[in-house]
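Please go through the labels used for this model and say what each one rests on.

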There are 2 protein chains.
Amino acid sequence: MVSISTKGIYGVAAMHALYKSPNAKLMQIKEIAAMTQISHGYLEQILSSLKKSSLVISIRGVNGGYKLARDAQEILVLDIVEALEGKLFVPSENVGASVVLDSFWADMQEQARKVFSIKLCDLDKAYQTFFYEI
Amino acid sequence: MVSISTKGIYGVAAMHALYKSPNAKLMQIKEIAAMTQISHGYLEQILSSLKKSSLVISIRGVNGGYKLARDAQEILVLDIVEALEGKLFVPSENVGASVVLDSFWADMQEQARKVFSIKLCDLDKAYQTFFYEI
DNA sequence: TAATACCTTAGTGAATTACTATGTTCACTT
DNA sequence: AAGTGAACATAGTAATTCACTAAGGTATTA
């Protein structure tokens, strides 16, 4: 189907929730799950992956939770999605040893990854732009 | 993995082969398969899909084969890939009823599809550019 | 009518997706 | 010191997709 899967979409939604947390306050999985409607157990795994990629920081125990590992200006949607789904748009293998097509697909990948290189802090801005155009 | 699958890559390779056929001469499946290293049976299915999407024309019987249904200038890589893999980059469902993220993903889809809106006849040109830059 | 090409459908093993289930570890509170 | 509640870790599972193969059907030409 060639699409970002729910895992990536959930990941961006969770990161966006953390970004929107007032005063960068810790958020617990159950809070994020309630906000985003993501299943608690699945969200646990997703946040675990995001932690492994150093995108979030966690604190354990009672009153624990998650927060962004760094400023939202330093986090790209591409980082989030690739942390969860691997590098984007890598053509499986090269076909027929065609140099033309090989470099074509490499170029497509580069351009497509550029599209997703939008900062986490600019997500709302993107929406505003969209909104004002109506 | 979020990538064009081999089906789409094979489809583009096959279409490129048809585009490169001298004088737009009919090409048989076995010729294309030999050129591209795609399995004969699988390529049959792929060309069948491309025909259903009116991207190629076929002639049956002895000396039959395939050719492009229209000028390569009127065929986008996006057309080929979407004929084989469905519409690109549709986020499965909207998550958490977030209007911000919904319109963000819609915008991502639009931009990503634009990246693949390159004409079949410009595939080689893309490579030339890449080549000259070295 | 035989040969040869396209056309169609069914099946299959491997991998991926989107979870659920179960338990462990850690830290704070009482 | 014990209990509670949070993150952490691993295993399992049903459904779907992927990348084909197999087997035959149908149209056209020699």
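The questions below concern a predicted model.

Q: What makes the pair A:K51 and DNA strand D a polar contact?
A: A polar side-chain atom of A:K51 lies 2.6 Å from a phosphate oxygen of DNA strand D. The cut-off is 3.5 Å for a pair of N or O atoms, so the pair counts.

Q: What does B:R60 approach on DNA strand D?
A: A polar side-chain atom of B:R60 lies 2.8 Å from a base oxygen of DNA strand D. Elements giving two or more residues to the surface near this strand include β1 (56–59) and β2 (65–68) of chain A, and α1 (6–20) and α3 (40–52) of chain B.

Q: How many residues of each class make up the surface near DNA strand D?
A: The surface has 12 polar, eight nonpolar and six charged residues.

Q: How many salt bridges and polar contacts are there between chain A and chain B?
A: The count of salt bridges is zero. The rule does find two residue pairs in polar contact across the interface, both at pLDDT 80 or more. On the side of chain A that touches chain B, α5(A) supplies the largest share, 10 residues. By class, that side has 29 nonpolar, 11 polar and four charged residues.

Q: What share of the area buried between chain A and chain B do carbon and sulfur atoms give?
A: They give 76% of about 3800 Å².

Key: Residues numbered from 1 in each chain as written. Chains lettered and ligands numbered in written order. Predicted model: local features only at pLDDT ≥ 70, side-chain atom pairs only at ≥ 80, totals over all residues. Heavy atoms only, no water. Buried area = accessible area lost by both parts, 1.4 Å probe. Salt bridge = Lys/Arg side-chain N within 4 Å of Asp/Glu carboxyl O. Polar contact = N/O pair within 3.5 Å; in protein donor to acceptor, adjacent residues only side chain to side chain. Helix = DSSP H or I, 4+ residues; strand = E, 2+ residues; numbered from the N terminus. Nonpolar A, V, L, I, M, F, W, Y, C, P; charged D, E, K, R; others polar.
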